Amino acid sequence: MNYPHYSDYTIKWTTLDWEIKQAHALRRKVFCEEQHLFENDDRDAIDSHAHTLVALGNHGGWHQQVVGTVRIHRQGPDSDDLWYGSRLAVDPAFRSQGLLGSTLIRLAVSSAHALGCNCFMATVQVQNEPLFKRLNWQTRDYRHILGMKHAIMEADLSAYPPCFTPNSGFVLKARKQHKATRVWPGLLDSIHHQTETTGIAVTMS
């Protein structure tokens with residue numbers, strides 16, 4: 001799979017309007033257009049008080065594009081103990097990049113932990129349940145939501161030390177792509193001639 005040539009990715013809380021707009025656009029792309037869970041828009045009342053997290057593709061330290069997102073929120077405005085995560089989405093073009101979803105989860109739980117969270121829950125589509133289990137979550141129950149089976153899961157907070165700097169968050173190095181080798185045109189003729197006369201096969205990538 002080919003990715004834009006991002007040098008790295010930053011996972012952080014949103015701090016700028018364009019980050020929030022692109023996060024909502026990515027959610028519509030995943031939950032409305034790809035999964036058809038919502039008709040036109042997946043936003044709801046929780047967005048009014050939730051914290052939005054994003055994974056940003058970077059060029060030379062400059063944030064360029066939202067490629068992943070998740071939101072976190074307290075159970076209620078007066079509750080610090082119980083937090084929820086929801087709307088985890090990674091752009092289809094970046095799902096094989098690796099670690100974007102898991103790092104969004106890491107910052108989600110760790111930043112809530114820093115704000116007094118004693119229990120962090122999420123309602124997870126069952127195809128993502130193995131990922132969450134690898135990240136030290138346990139399944140508490142199952143439920144069908146919008147016609148799709150979900151696992152009700154709880155994070156092991158001991159695996160998520162508090163993160164007190166969510167606005168800067170974490171940085172991931174981009175996975176390197178295989179690039180075509182540039183060859184001097186005259187060299188190909190020379191290689192083909194040597195192959196014909198010596199019988200040596202030449203493979204280039």
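This briefing walks through the sheet, one arginine and some aromatic rings.

The model is predicted, so local features need pLDDT of at least 70 and side-chain atom pairs count only at pLDDT 80 or more, while totals for chains, interfaces and linings use all residues. Residues are numbered from 1 along each chain as its sequence is written, and side-chain values use heavy atoms, leaving out hydrogens and water.

**The sheet**

- Eight strands make an open sheet with mixed pairing, in the order S6-S7-S5-S4-S3-S2-S1-S8. Strands here are DSSP runs of E with at least two residues, helices are runs of H or I with at least four, and both are numbered from the N terminus. Two strands pair if DSSP finds at least two bridges between them.
- Strand S6 (137-145) and strand S8 (170-173) sit at the edges with a single partner strand each, so one side of each has no neighbour in the sheet.
- From one strand to the next, the twist averages 25°. Angles run from 0 to 180 degrees between N-to-C directions, with axes as lines fitted to C-alpha atoms (for helices, over the stretch in contact).
- S1 (residues 8-13) and S2 (residues 51-59) run antiparallel and are joined by six bridges. Threonine 10 stands opposite leucine 56 in S2.

**Arginine 71**

- You'll find arginine 71 in strand S3 (residues 62-74).
- Arginine 71 is buried, with a relative accessible area of 2%. Buried means under 20% relative accessible area, exposed over 50% and partly exposed in between, using a 1.4 Å probe and protein chains only.
- Its side chain makes a polar contact of 2.9 Å with the side chain of aspartate 44, and another of 3.0 Å with that of aspartate 47. A polar contact is a pair of N or O atoms within 3.5 Å; within protein, one must be able to donate a hydrogen and the other to accept it, and residues adjacent in sequence count only if both atoms are side-chain atoms.

**Aromatic rings**

- There are five aromatic pairs. Rings of Phe, Tyr and Trp (its six-membered ring) pair if their centres lie within 6.5 Å; planes under 30 degrees apart are stacked, over 60 edge-to-face and the rest tilted.
- Tyrosine 6 and phenylalanine 94 are stacked, at 6.1 Å centre to centre with 20° between the planes. The two residues are 88 residues apart in the chain.
- Phenylalanine 132 and tryptophan 137 are edge-to-face, at 4.9 Å and 85°. Phenylalanine 132 is buried at 6%, and tryptophan 137 is buried at 4%.
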